[in-house]
Amino acid sequence: MPIQGSILLDHGAGGKASAELVGGLFAKHLGNELLGQMDDAAVLPPPTGRLAVSTDSFVVDPIFFPGGDIGSLAVHGTVNDVAMRGATPLYLTVGFVLEEGLAIADLERVVASMARAVGEAGVQVVAGDTKVVGRGQADKLFINTTGIGVIPDGLEIGAAQAKPGDAVLVSGTVGDHGVTIMASREGLGLDAPIASDSASLNHLAAGLITACPGLRTLRDPTRGGLATALNEIAALSGVSIELDEAAIPIEPAVGGVCELLGLDPLYLANEGKLICIVDPDQAPAALNAMRADVHGQGAAAIGRCGAERAGRVWINTSVGGRRILDMLSGEPLPRIC
Ligand code: MG
């Protein structure tokens, strides 16, 4: 029988109500043999290769938005961080903090969405936890996910690997997630067809790795956007990065909303895009590999790495100027993910 109504403090107390929630909702959608062990810890088979581990907490407001919800986002975000090191994501753990009074129908919608995202990414949820806090002590629900993946021996992909001369690519349009969350939160009632790009990029990343032995860096430009992620890469790799503004793909509707609200799409969060830095000879192969994936249709070459003024990111503007593209300072948009 489906459980109905709203979340009570009892659902987090570890007793009968907790068991109903776990069996009737979490296991129903996310169950598998490993999660089904139902012991204090899941026991996993020994991995082949090095382990990659990443953890993230998701507090996005609102919990449902065009293009996704807090559940799919909690899977995509962590799968992507694991995949950005060249790892194949295998397992997730999921921790929920629920606010008393949350509609169980909303929780089920979130968990069913997580299950779809887990299936698409090809990972398994192997451990989970639920806590309930009183009304007003959290906002509907927060989710923490931890991802575990394996990296084949010899593969070194990371934000410190970029070299002068490398090509800088992006897998598609930037700013979509940030603008969508802001517009839905503020109830801007835009006619513009904007939606979050939230998606798992592990299959796209795997295609890139196969196609490009000269792949140096993958990074998902989430909070702080493209500009901040490139500054992090420039600092960690000891290179400069020069971008061509006209080459950076931006959805016209997103650009329009940004102009209206005075936002810079280069600093807005993305949840289904990656930056790829690659040996310049392999840039065409990398672009082809990205475009072969449903999430890489808008892939573009946007700049290059240099040796001088290491740590700096420059942008050649569309009107013929040149300026420094600094890191994001402050937080223009809280609870974006
Ligand atoms: Mg990341």
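Modeller: R309 sits in the loop between β11 (300-306) and β12 (313-316). Helices (H or I, at least four residues) and strands (E, at least two) are DSSP runs, numbered from the N terminus. This is a predicted model, where local features need pLDDT of at least 70, side-chain atom pairs count only at pLDDT 80 or more, and totals for chains, interfaces and linings use all residues. Residues are numbered from 1 along each chain as its sequence is written, and side-chain values use heavy atoms, with hydrogens and water left out.

R309 is not a glycine, yet its phi is positive, about 55°. Most residues other than glycine have a negative phi, and most peptide bonds are trans. R309 is exposed, at 55% relative accessible area. Exposed means over 50%, buried under 20%, and partly exposed in between (1.4 Å probe, protein chains only).

K140 also has a positive phi, about 65°, and is not a glycine. Its loop runs between β5 (124-133) and β6 (141-151). K140 is partly exposed, at 36% relative accessibility.

Now the peptide bond. D61 and P62 are joined in cis, with omega about 5°. P62 lies in the loop between β1 (50-58) and β2 (64-65).

Last, the metal. The magnesium ion has D81 (OD) and D220 (OD) as protein donors, 2.1 to 2.2 Å away. D81 is in helix α2 (residues 70-83) and D220 in the loop between β8 (215-219) and α6 (225-237), so the pair ties together parts 139 residues apart in sequence. Donors are N, O and S atoms within 2.8 Å of the metal (3.2 Å for Na, K and Ca); water is not among the atoms, so sites may look incomplete. D81 is partly exposed at 26% relative accessible area, while D220 is buried at 10%.
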